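Hi,

Here is the model I promised to pass on.

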Amino acid sequence: MKAICFNFEIHQPFRLKRYRFFDIGRDHYYYDDFLNDDIFERIARQSYVPAAETILKMIDATEGRFKCSIAISGTAFEQFERYCSEFIDLLKRMADSGCVEFVAQPYAYSLASLTDPEEFADQVAATCSMLHNRLGVKPKIVRNTELIYFDDLAPQLVQMGFKGCLTEGAKHILGWKSPNYVYTAASAPKLKLLLRNAKLSDDIAYRFSDSSWPEFPLTADKYINWIASTPVEEQIVNIFLNMETFGDMQPATSGIFAFLEALPRFAAEHGIDFVTPSEAISKIKAVGELSVVHPISSADEARDTSAWLGNRLQHEAFDKLYSVAERVRKCNNRALKQDWQYLQTCDHFFYMSTKRKADGSMHALFSPYETPFAAFTNYMNVLADFLMRVEEEFPSKVDNEELNSLLLTIANQGNEIEALNKELSSMRKNIEQYNIEHRPAEKPAKKAEKPKADKTKAAKADKPAKAPAKKAEKKS
Amino acid sequence: MKALMFGWEFPPHILGGLGTASYGLTRGMWECGDMDITFVIPKPFGDEDRSFANIIGTSQVPVAWREVNRDYVDSRIGAVMDPDLYFRLRDHIYADFNYMRTNDLGCIEFSGKYPANLLEEINNYSITAGVIARTLDFDIIHSHDWLTYPAGIHAKQVTGKPLVVHVHATEYDRSRGKPNPTVYGIERDGMTHADHIITVSNLTRQTVIDHYGIDPAKVTTVHNAVVPLDEELLRIENPRPSKEKVITFLGRITMQKGPEYFVEAAAKVLRNCSNVRFVMAGSGDMMDKMISLAAERGIADRFHFPGFQKGRQVYEMLKASDVYIMPSVSEPFGISPLEAMQMGVPSIISKQSGCAEILDNVIKTDYWDIDAMADAIHAIISYPALYKQMREDGLAEVAQITWDKAGQKVINIYNKVLGRG
């Protein structure tokens, strides 16, 4: 029995506005709201909403036999809330149907996993709590930004409680192996890996409406036939697509929605099922281990991290950004933390790529900038301002360890004050209790009034009285 | 294939970009093989590189018969012309030009520059072109820039050979849209008589189509290229090593080059950065105005005018620079950013420059967008990663822009014009 495992990725970055160097230190708002609104609403209208409606329709029509999974980044979710809140209801309906599994991923769709495991864990946790709070689901499966995966990541994912991870079926890793099996991670055998079938995924994502492609036009019948004709032992085909493939990359007029809708019918004819990633890893036995020493991803021809960290500009921006990671995590400034998330989004680095040819045109297609140099300049100007704000929060002459001990002292003092306050109030209660017990003759009406007055009085009087005492205690 | 080219300048005696481009192109075509090129210039000095083209100076072409012997001719002009050629040319004098001011050899004197009586010199050049065209054997005529269009037309009329005109610049670029009608007339005349027109950029091609009313099918762009620099120039040491960053503008200080935008951008940068100096090297009719503008903006202490630079000085200047800037309002091609890139200097160029069409590893801004220009300057001097990336990728990119590729394109155009498919 074969099965298709769909995963639809929903991500949009907060694109930066044109930020000149004379804005550094003066303007702390970095985002191009107009552009973001414009792009987001267009894609939501053309793609996200109709695609979600199609999926819901398919679930209804097949009485729950059609299943898929969705991954959504925090930055996209926030933009849905801002620009297209009706989509959240569609997500909720999908979650409630039980046929759509939600997959965790870094909140800011960042590259944190490559440099800062703690930041990566925080971001995945943030997405999980977002999904739990808003959709009531608890993800068991994770996919990293752009399907980035490498050996060192696996133990961390297991530790975070994930059972499976989605990644790219990169040819240079697989060699003769097929992506159409379930694998386990070499570095953490508990973690199952589902590998994207690049050929079948890209047939839909990039070639569907390409009339120069020999297989054009692609029909659901033909597509399912391809899947059915894979060797019998290959039990799963992982089709991981960006959600905007439907309606945006491939316009509605190309018939992409009808294609999607027709898939379950032809799949049923060939006895092909649809599964969620969780079902896939529990139903299908893993065939072997997969070791990935250097990070792989689904981006560009190289399927590595060179789309974001391929040249000097990207490395410079990336290193500068993560140099303050620890400090930002320590601070409590919410605006700063929010910018910290938004600036990590991998798209900013994608725009700085200086690759040429086919890859280059893909980078240029998505970039709001005319050139990679403009992307870099603008990002660095924003980052310069951001770094200044971090510096204001914690001056860089205080090193991390010193800062730690200072923050610890503050935290300890806070705890101490809390403990003392608790003690104080329990003491006060004891005194009240004592008073009540030892003055039984008083009238009930007065009794109700008195403690109240006592309390406010005590609160006013006791605190200043106690505080100097505490100080004195410490000094001694 | 034999080509007769008419040009005005030829290295090493050049006054602008025209000579460099003509030289590079001729050499590039020669490298493609099977090309026999005769290059006509007004006044050769004898130190031109003649290895790849026969150079004829119109100031050695007789237009009036003089009875002279071979030894005399050799002693007079032997350094720049073979006496045999002189006598062959003398046999093809087609009218009596004794009324003109001619010298002892029956030749007209040329300055070879851009003198006040330029139009007269252009006319004289065309007269001698008639003699040359009648003497030599060639398949195609190629005229570089408007100064030589009349000569090209003349040669075409007497021989019936096809004419290709090469537009290195138009009057529209030089005058910011207010052309001199005489020059415009000469240009349009050349273009209409031409069998094919080569422009140095798509920008210029569009000007030719829009402002001169030429059929687009007849106009093809062949972008300019650069000759690789000599080892010796690459080895030049930075004459003024300093921690201060230097931003350089090199070129004629004229309306076309947009110098005022550079001054304004400099003022913006200096408001936020202190560790930077600006240099406007060159001369021109707007220089005084720029000096007072810099003073008016209160940046004269950091804005310098070293004057016209030539030869090796140009490369020394580039070596001392951290950023090269060309804010031209309208630049048909603009070879100087390519030279800066050869020296490893990151460049900022205006989108209104022809070379912007072929360069990737430069920052392009609108010439009027001083904010963007200031921002780009700041970025290159503040973010070392950007500087290094642009420097290295720029070197690699410019090494690929060679004249033999441009030469091959021109040869292809010749073949098309000659119907040799």
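This is a predicted model: local features need pLDDT of at least 70, side-chain atom pairs count only at pLDDT 80 or more; totals for chains, interfaces and linings use all residues.

Residues are numbered from 1 along each chain as its sequence is written, chains are lettered from A and ligands numbered from 1 in the order written, and side-chain values use heavy atoms, with hydrogens and water left out.

**Where the chains meet**

Chain B puts 25 residues into the contact and chain A puts in 20 (contact being heavy atoms within 4.5 Å). About 1900 Å² is buried between chain B and chain A, with carbon and sulfur atoms giving 59% of that; buried area here is the accessible area, with a 1.4 Å probe, that two parts lose on being put together, summed over both. Of the area that chain B buries against chain A, 32% is supplied by Asp375(B), Tyr383(B) and Gln389(B), more than any other three residues.

Asp375(B) also turns up in a salt bridge with Arg20(A), side chain to side chain, at 3.2 Å from N to O. The count between chain B and chain A is four salt bridges (a side-chain nitrogen of Lys or Arg within 4 Å of a carboxyl oxygen of Asp or Glu).

On the chain B side, the elements giving two or more residues are α10 (259-272), α14 (370-382) and α15 (384-399), with helices taken as DSSP runs of H or I, at least four residues, strands as runs of E, at least two, both numbered from the N terminus. The largest share, eight residues, comes from α15(B). By class, that side of chain B has 12 nonpolar, four polar and nine charged residues; Ala, Val, Leu, Ile, Met, Phe, Trp, Tyr, Cys and Pro count as nonpolar, Asp, Glu, Lys and Arg as charged, and the others, Gly among them, as polar.

**Inside chain A**

Over all chains, the salt bridges come to 45. One of them joins the side chains of Arg303(A) and Glu168(A), at 3.3 Å from N to O. That pair links distant parts of the chain, 135 residues apart: Arg303(A) is in the loop between β12 (286-290) and α11 (312-322), and Glu168(A) is in strand β5 (residues 164-168).

There's a helix pair to look at, too. In α2(A), Phe77(A), Phe80(A) and Glu81(A) meet Phe87(A), Ile88(A) and Leu91(A) in α3(A). By class, this contact has five nonpolar, no polar and one charged residues.

Most residues other than glycine have a negative phi, and most peptide bonds are trans.

- Phe216(A) to Pro217(A) is a cis peptide bond, omega near -5°, and Pro217(A) lies in the loop between α7 (198-205) and α8 (220-228) of chain A.
- Pro11(B) to Pro12(B) is cis as well, omega near 5°; Pro12(B) sits in the loop between β1 (2-6) and α1 (17-31) of chain B.
- Leu147(A) is not a glycine, yet has a positive phi of about 60°. Its place is the loop between β4 (141-143) and α5 (153-159) of chain A.

Cheers
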